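Please read the numbered points alongside the sequence and the model.

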Amino acid sequence: MSWSVLDEEGFSRCCRLLVQQSQSLRDGWSWEPGQGSAEGYLRKTTLRTAAFTSRPEREPEGSGAAPEQHTAPGRAEEPSQSDLAAPAASGDADDLTGAEDDGADEDDWVCRAPAESSSRVLQYEYHVLYSCSYSVPVLYFRAFTLEGRSLSLDEVWSCVPPQYRARLQQSPWNTITQQEHPLLGQPFFLVHPCRTDELMRPVMQAAQQQLRWVNYVVTWLSMVGPLVGLEMPLSYAALSPQSPTATAAEQEPSEA
Amino acid sequence: MADDKDVLRDVWFGRIPTCFTLHQDEVTEREAEPFYLLLPRVSYLTLVTDKVKKHFLKVMKAEDVEEMWFEYEGTPLKWHYPIGVLFDLHASNTALPWSITVHFKDFPERDLLHCPSNSVIEAHFMSSIKEADALKHKSQVINDMQKKDHKQLWMGLQNDKFDQFWAMNRKLMEYPTEEGGFRYIPFRIYQVHTHTHTHTHIYIYILAGVSPFLLTLTLTLTL
């Protein structure tokens with residue numbers, strides 16, 4: 001009996017519901033079909049303002065890229081007016097409006113960074129894929145400056161809210177790493193999925209005991225997302241599922 | 001397992017003779033000679049090419065040197081694939097030595113993962129091992145192993161020590177018959193599309209212990 005994981009069909013259903021709710025909340029999630037008929041992933045792009053430490057032009061020879069070792073002071077650039085006004089490279093107008101409406105989130109997002117860092121507008125792209133190996137969803141993401149430069153792992157780490165950074169760095173398996181996107185084949189960052197079932201177990205057990213249906217993907221995203229700048233509005237919880245009876249049946253334990 | 005030891009040794013000690021040539025656009029103080037190396041099939045490019053880097057650095061200025069990356073006939077080589085896989089995918093039908101081009105600038109951000117240190121390779125390798133064990137043993141064996149055991153597994157690969165590696169890896173290869181064996185057998189299928197042919201060559205690597213062990217079966221399917 002395995003309440004803390006999710007089978008692929010359950011994943012698809014949770015995602016479909018999430019997209020429906022996202023549409024009514026104008027939260028920007030879409031479902032991207034993969035090459036197979038059932039395969040696919042959730043996708044969302046946002047603009048975020050973040051204070052982060054730029055990496056220098058070249059990698060120092062032989063140095064480890066440990067997150068806590070920020071290298072020489074980055075180029076401090078003033079965020080120009082054109083940065084803020086320019087539309088994102090591949091985002092559409094709706095994403096832009098959505099991000100600007102999230103004014104309340106920006107204070108949470110700007111982290112206390114060393115003096116040489118600068119405040120930049122960054123474009124984040126989030127994908128949620130299903131991992132067959134771990135039977136859980138996985139959060140992949142990448143980040144760019146508005147000029148289209150990819151952020152390095154160091155820079156991504158410098159944007160993780162300080163209260164999460166220490167905990168993530170302690171546990172090597174729960175960390176942010178760069179890997180190849182399973183469907184697109186391109187480099188993405190991800191939050192490692194091997195502890196997701198532990199994370200979800202208390203929530204899913206409680207829901208089962210209370211005979212309450214919980215959208216695994218929404219709940220999981222609300223916990224993991226903030227680590228990497230992705231917020232899930234509380235309104236998702238307020239919206240009830242379209243077909244509670246069908247979804248109650250989904251909560252059959254997956255094959256152990 | 002004892003009968004298979006010869007096969008395991010043959011796989012572990014597989015080598016590919018390789019010629020590394022500096023790309024013509026790289027700025028050098030004098031002409032760069034090519035560098036020859038026998039690459040272990042079961043290892044990773046960035047783990048075994050320190051000598052290549054040192055060789056070319058001798059003819060370059062420090063300010064012209066950024067992260068080293070490799071390319072074969074215009075295709076950036078993904079260091080996070082085992083060397084044997086890269087060779088089979090890209091160059092198995094060509095004559096040896098395998099000719100790889102070396103770059104120190106214009107890192108292809110959209111194609112390649114960064115590899116600033118060996119700890120990144122270690123993390124990637126251990127991540128694959130862990131994922132395989134999730135499939136084989138629901139992660140029980142890998143989680144029961146101590147940190148020093150994980151370290152020994154990695155050091156065995158890094159230092160090309162078959163016995164040191166397999167002392168740990170055999171635990172991951174045990175399948176308790178009372179529980180019906182492995183839950184699932186991990187496979188990793190690498191696909192390459194050759195536009196000129198109607199067949200798609202699919203290389204299936206049976207991951208005995210998950211990369212680096214590659215028993216190559218080539219299947220030609222008409223799709």
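1. The loop that joins strand 3 (118-131) to strand 4 (136-145) of chain A contains A:Ser135. This model is predicted, and in it A:Ser135 adopts a positive phi of about 55 degrees although it is not a glycine.

2. The surroundings of A:Ser135 may be examined next. Its relative accessible area is 17%, and the cut-off for a buried residue is under 20%, so A:Ser135 is buried. Apart from neighbours within four places in sequence, A:Ser135 is in contact with A:Val5, A:Leu6 and A:Tyr130.

3. A positive phi also occurs in chain B, where B:Asp106, a residue other than glycine, has a phi near 55 degrees. B:Asp106 is placed in the loop between strand 5 and helix 4 (118-137) of chain B. Is B:Asp106 buried or exposed? With a relative accessible area of 59%, B:Asp106 is exposed, whereas A:Ser135 is buried.

4. Attention may also be given to a peptide bond in chain B. The bond from B:Leu96 to B:Pro97 is cis, and its omega is near -5 degrees. B:Pro97 belongs to the loop between helix 3 (83-90) and strand 5 (98-103) of chain B. As a general point, most peptide bonds are trans.

5. Another loop serine of chain A is A:Ser150, found between strand 4 and helix 5 (153-158). A:Ser150 has 16% relative accessibility and therefore counts as buried, since the limit is under 20%. Which residues does A:Ser150 contact, leaving aside its neighbours within four places in sequence? They are A:Ala143, A:Phe144 and A:Glu155, together with B:Glu109 of chain B.

6. The axes of helix 1 (residues 8-25) and helix 8 (residues 216-224) of chain A come within 8 Å and cross at roughly 70 degrees. Angles of 65 to 115 degrees count as roughly perpendicular, and helix 1 and helix 8 of chain A are therefore described in that way. From helix 1 of chain A, the residues A:Phe11, A:Cys14, A:Cys15, A:Leu18 and A:Gln21 take part; they meet A:Tyr216, A:Val217, A:Val218 and A:Leu221 of helix 8 of chain A. Of the residues in this contact, eight are nonpolar, one is polar and none is charged.

7. Chain A as a whole has ten helices and six strands. Of its 256 residues, 48% are buried. Among the contacts in chain A with a separation of 6 or more, 68% join residues 24 or more positions apart.

8. Finally, the confidence values should be kept in view. The model scores ipTM 0.81 and pTM 0.77. For chain B the average pLDDT is 85, and 84% of the residues score at least 70. Within chain B, residues 194-223 have a pLDDT below 50, and this stretch has 91 contacts in the model beyond near neighbours in sequence.

How values were computed. Residues are numbered from 1 along each chain as its sequence is written. Chains are lettered from A and ligands numbered from 1 in the order in which they are written. This is a predicted model: local features need pLDDT of at least 70, side-chain atom pairs count only at pLDDT 80 or more; totals for chains, interfaces and linings use all residues. Side-chain values use heavy atoms; hydrogens and water are left out. Axes are lines fitted to C-alpha atoms, for helices over the stretch in contact, and angles run from 0 to 180 degrees between N-to-C directions. Helices (H or I, at least four residues) and strands (E, at least two) are DSSP runs, numbered from the N terminus. Angles under 35 degrees count as roughly parallel, over 145 as roughly antiparallel, 65 to 115 as roughly perpendicular and the rest as oblique. Contact means heavy atoms within 4.5 Å. Ala, Val, Leu, Ile, Met, Phe, Trp, Tyr, Cys and Pro count as nonpolar, Asp, Glu, Lys and Arg as charged, and the others, Gly among them, as polar. Buried means under 20% relative accessible area, exposed over 50%, partly exposed in between (1.4 Å probe, protein chains only). pLDDT is the predictor's confidence in each residue, from 0 to 100.
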